[in-house]
Amino acid sequence: MNVAAKQAENTIREVCKALLGKEREVRETMLAFLANGHILLEDMPGVGKTTMARAFSRAMMLECRRVQFTPDVMPSDLTGFSIYRKEEERFVYQPGSVFCNLMLADEINRTSPKTQSALLEVMEERSVSVEGVTRRVPTPFLVIATQNPFGAAGTQRLPEAQVDRFMISMSLGYPDFESELAMAKEIGGTDRLEQVQPATGKKELLEMQHAVNEVYIHDNVYRYILQLITATRRQSCWERGASPRATIALVRMSRAAAWLEGRDFVTPRDVAEQFPYVMHHRLQLNTSARMDNLSKGRLIQDCLDGVRMPPMGVRGK
């Protein structure tokens, strides 16, 4: 394992100091950051989403901002606006909350579609356009967005075109018994977040992202990726299959997984491990599948089981 990959592993260990019992979820978040992607969390309140974002910002020395999305949050709150300064006799631009490195967009499905679109445009373009002027947001720019389960009071379903811009989705869920017991015993003591120490920085993260893009993928693995994507389009249980953006996300996440393992090539197993995280928010059950109470997770696994994993040798040859 190279030095940069060790720094990434150290970052994961530091974040796990603040988020007990969630090593797999923390690791997956780190992979998404290495792949320069955004994360969608669908969870109930109070399971540690804000803690995870703040812990990553401390461990990676990133500027972090949190926005609580409500129906009255305006696009200008995110992108910024100009105000007139009488003493200067001119309009001065005031940057919005997206001008940071790591943004926690809390309960994104409670705000208006116009505000959702403003955020998702920044996620895609890494820039904002205000009054005809385009301004780049800082690099790196990463978003952890949370949404309440669909059907909860005051929520509305995100449009599929917007959901598709998140690289992965997952749920933190409840902590295991021992982890929650440890949390309970520490109430009133030192905040676990204070134990998180810097393990890397913005410059190093950008270098890691560049290294991930150089990871080799054999043609057989590319074909395996496309076969999995095609399998989602052939299943009759979905409203529609995965988009080409899902293909790009799966390639990037597979490269990140291989790089973090210390390899310079992707294996089919890397692809298979990342497939559920990339697909879960992109695939929606159709009416017939919902009436039959089919499990989305089980159907995604059926796609994996239905595609033969290619045999691979050293460096995929």
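1. Which helix holds both Arg24 and Glu28, and how many residues apart are they? Both sit in helix α2 (residues 23–34), 4 residues apart, or about one turn of the helix; helices here are DSSP runs of H or I with at least four residues, strands are runs of E with at least two, and both are numbered from the N terminus. The two residues form a salt bridge whose closest N and O atoms are 2.4 Å apart, a salt bridge being a side-chain nitrogen of Lys or Arg within 4 Å of a carboxyl oxygen of Asp or Glu. Glu28 is buried at 0% relative accessibility, whereas Arg24 is partly exposed at 36% (buried is under 20% relative accessible area, exposed over 50%, partly exposed in between, with a 1.4 Å probe and protein chains only).

2. A word on what we are looking at. This is a predicted model, in which local features need pLDDT of at least 70, side-chain atom pairs count only at pLDDT 80 or more, and totals for chains, interfaces and linings use all residues. Residues are numbered from 1 along each chain as its sequence is written, and side-chain values use heavy atoms, with hydrogens and water left out.

3. On confidence, the protein averages a pLDDT of 88, and 95% of the residues score at least 70 (pLDDT is the predictor's confidence in each residue, from 0 to 100).

4. Glu14 pairs with Lys17, with the closest N and O atoms 3.0 Å apart. These residues are about one helical turn from each other because they lie 3 residues apart in helix α1 (residues 3–18). Glu14 is buried at 14% relative accessibility, while Lys17 is partly exposed at 30%.

5. Arg290 and Glu239 also form a salt bridge, at 3.5 Å between the closest N and O atoms. This pair links distant parts of the chain, 51 residues apart: Arg290 belongs to helix α12 (residues 287–291), Glu239 to the loop between α9 (219–234) and α10. Do have a look, too, at the salt-bridge network that links Glu124, Asp164, Arg245 and Arg282.

6. Strands β6 (residues 127–130) and β7 (residues 133–136) run antiparallel and are joined by 4 bridges (strands pair if DSSP finds at least two bridges between them). Val130 has Val133 as its bridge partner in β7. The hairpin has 2 residues between its strands, and Glu131 in the turn has a positive phi of about 55 degrees.
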